[in-house]
Amino acid sequence: MAAGDPASAPAPEPLIEVRDLVKHFPLTQGVLFKRQVGAVKAVDGISFDLHRGETLGIVGESGCGKSTVARMLVGLERPTEGQILYRGEDITRLSGRALKSVRRNIQMVFQDPYTSLNPRMTVGDIIGEPYQIHPEVAPRSDRRRKVQELLEVVGLNPEFINRYPHQFSGGQRQRIGIARGLALRPEIIVADEPVSALDVSVQAQVVNLLARLQSDFDLSYVFIAHDLSVVRHISDRVAVMYLGRIAEIGTGEEIYDHPTHPYTQALLSAVPVPDPEAREHRERILLTGDVPSPAHPPSGCRFRTRCWKAQELCARVEPPLEVPPEFRKSTGPARHPSACHFAEERRVVAGG
Ligand SMILES: Nc1ncnc2c1ncn2[C@@H]1O[C@H](COP(=O)(O)OP(=O)(O)OP(=O)(O)O)[C@@H](O)[C@H]1O
Ligand SMILES: [Mg+2]
């Protein structure tokens, strides 16, 4: 899982390359004669790579476009613009059999284990459902045994196969969702807030399970959360999203210990710190105001309406997501892409 030393090995081809991805949902008015009056810019031009065996965390506040990115990655939503290259091929243009075969390799685990499992289906039918769409993966005679194996793999008793979702706790249901995600032996799992609906005490268990499955099955993850603390231990790299764009992206060390974007710094300053002494000394940055509507994002830098550093330039020019000029010569951890005109290192969490 750990990122290799970039100086010692050539970077391998990314498994997924997301390029300038856009998703605008039309806003319409009228019932009989629907007119388009605008667009919700849910995702508005984002790019990132996912490498084999890596976990990319995506974090940001509610409504910033995380689930829309996830749904485009697994083919549940078609992008308005941009590309998703999987092993070099643009999967947003595929259809029919080619699309089906790609989808087999990119599976999703959903947020809410209470609503994402059909209450009228047995656990065996839920986990085995993907085999109905892809019968080539498991012949009918093999399916029961495969499902029992999957139950075991996620830490559930294989004898539970005939039970119904309501007979399980939240954490156990999420294990069922994960088993279903694994059924087709995918290469990539897109987990959209897989632990947000669970008790804090259970969250770590499910995150640990995902980490173990990653090494056992050589999986790559896109792991979505709204809280930076949840993805910290599982992510090799983290992308921080704000209003449909990436504000800052880097390795765990770069993002958590050397953030340069004010939005990341504010999010980090809100992460609970268990150690009382560290808590005493850390800085708190309070964000004022709500997230603006993605139908009308602010001009220039989208974060400027809530940013304590904003100046006239920020309203006029959108800062590109690149290594800020003042850090280009450095070799230290502040040298990573950050979309801010006034990027500067500021450590906000002591220890951790
Ligand atoms: N099908 C849709 N039609 C119209 N607008 C949509 C649709 N899906 C999402 N949106 C809007 O797009 C924006 C981004 O939504 P999205 O669900 O991707 O955010 P999110 O970051 O996952 O939020 P959350 O943390 O609440 O899950 C929101 O303003 C949402 O209302
Ligand atoms: Mg979401």
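## A first look at the predicted model

In strand β7, I188, V190 and D192 point one way while I189 and A191 point the other way, and all are buried. Here buried means under 20% relative accessible area, exposed means over 50%, and partly exposed lies in between (1.4 Å probe, protein chains only). The strand spans residues 188-192 and is mostly covered, with five of its five residues buried. Strands are DSSP runs of E with at least two residues, helices are runs of H or I with at least four, and both are numbered from the N terminus.

This is a predicted model, in which local features need pLDDT of at least 70 and side-chain atom pairs count only at pLDDT 80 or more, while totals for chains, interfaces and linings use all residues. Residues are numbered from 1 along each chain as its sequence is written, chains are lettered from A and ligands numbered from 1 in the order in which they are written, and side-chain values use heavy atoms, with hydrogens and water left out.

**The neighbours of β7**

Let us stay with β7 for a moment. Two strands pair if DSSP finds at least two bridges between them. Strand β6 (residues 106-109) pairs with β7 in the parallel sense over four bridges, and V109 has A191 as its bridge partner in β7. Strand β8 (residues 220-225) also runs parallel to β7, joined by five bridges. There, D192 stands opposite I224 in β8.

L243 is another residue with a positive phi, about 45°, that is not a glycine. Its place is the loop between β9 (237-242) and β10 (245-251), and with 1% relative accessibility L243 counts as buried.

**The whole chain**

Stepping back, the protein chain has eleven helices and ten strands. Its radius of gyration is 21 Å, close to the 20 Å that the globule rule gives for 352 residues, so the chain is as compact as a globular protein of that length. The radius is taken over C-alpha atoms, and the rule is 2.2 Å times the number of residues to the power 0.38. Along the principal axes, the C-alpha atoms fill a box of roughly 65 × 60 × 40 Å. Buried residues make up 50% of the 352 residues.

V348, in the segment after α11 (312-316), is buried with a relative accessible area of 2%. The C-alpha atoms of V348 and D142 are separated by 53 Å, and the two residues are 206 apart along the chain.

**An antiparallel sheet**

Which order do the strands of the open sheet take? The four strands run β2-β1-β4-β5, with antiparallel pairing. The edges are β2 and β5 (89-90), each of which pairs on one side only.

Strands β1 and β2 run antiparallel and are joined by twelve bridges; H24 has K41 as its bridge partner in β2. These two strands form a hairpin with five residues between them, and G30 in the turn has a positive phi of about 90°. On its other pairing, β1 (residues 16-29) meets β4 (residues 81-86) in the antiparallel sense over five bridges, with L85 in β4 as the bridge partner of E17.

T92 lies in the loop between β5 and α2 (96-105). This threonine is buried, with a relative accessible area of 6%, and its side chain makes a polar contact of 2.8 Å with the side chain of D90. A polar contact is a pair of N or O atoms within 3.5 Å; within protein, one must be able to donate a hydrogen and the other to accept it, and residues adjacent in sequence count only if both atoms are side-chain atoms.

**Around ligand 1**

Which residues come nearest to ligand 1? Of the 13 residues around it, the nearest are S62, G63, K66, S67 and T68. A residue is near a molecule if one of its heavy atoms lies within 4 Å of it.

| Residue | Part of the residue | Distance to an oxygen atom of ligand 1 |
|---|---|---|
| C64 | polar backbone atom | 3.2 Å |
| G65 | backbone N or O atom | 3.0 Å |
| S67 | polar side-chain atom | 2.8 Å |

Taken alone, ligand 1 exposes 640 Å², and the protein buries 62% of that. Accessible areas come from the Shrake-Rupley method with a 1.4 Å probe; for residues, only the protein chains shown count as cover. The elements giving two or more residues to the shell are β2 (35-50) and α1 (66-73), and α1 gives the largest share, three residues.
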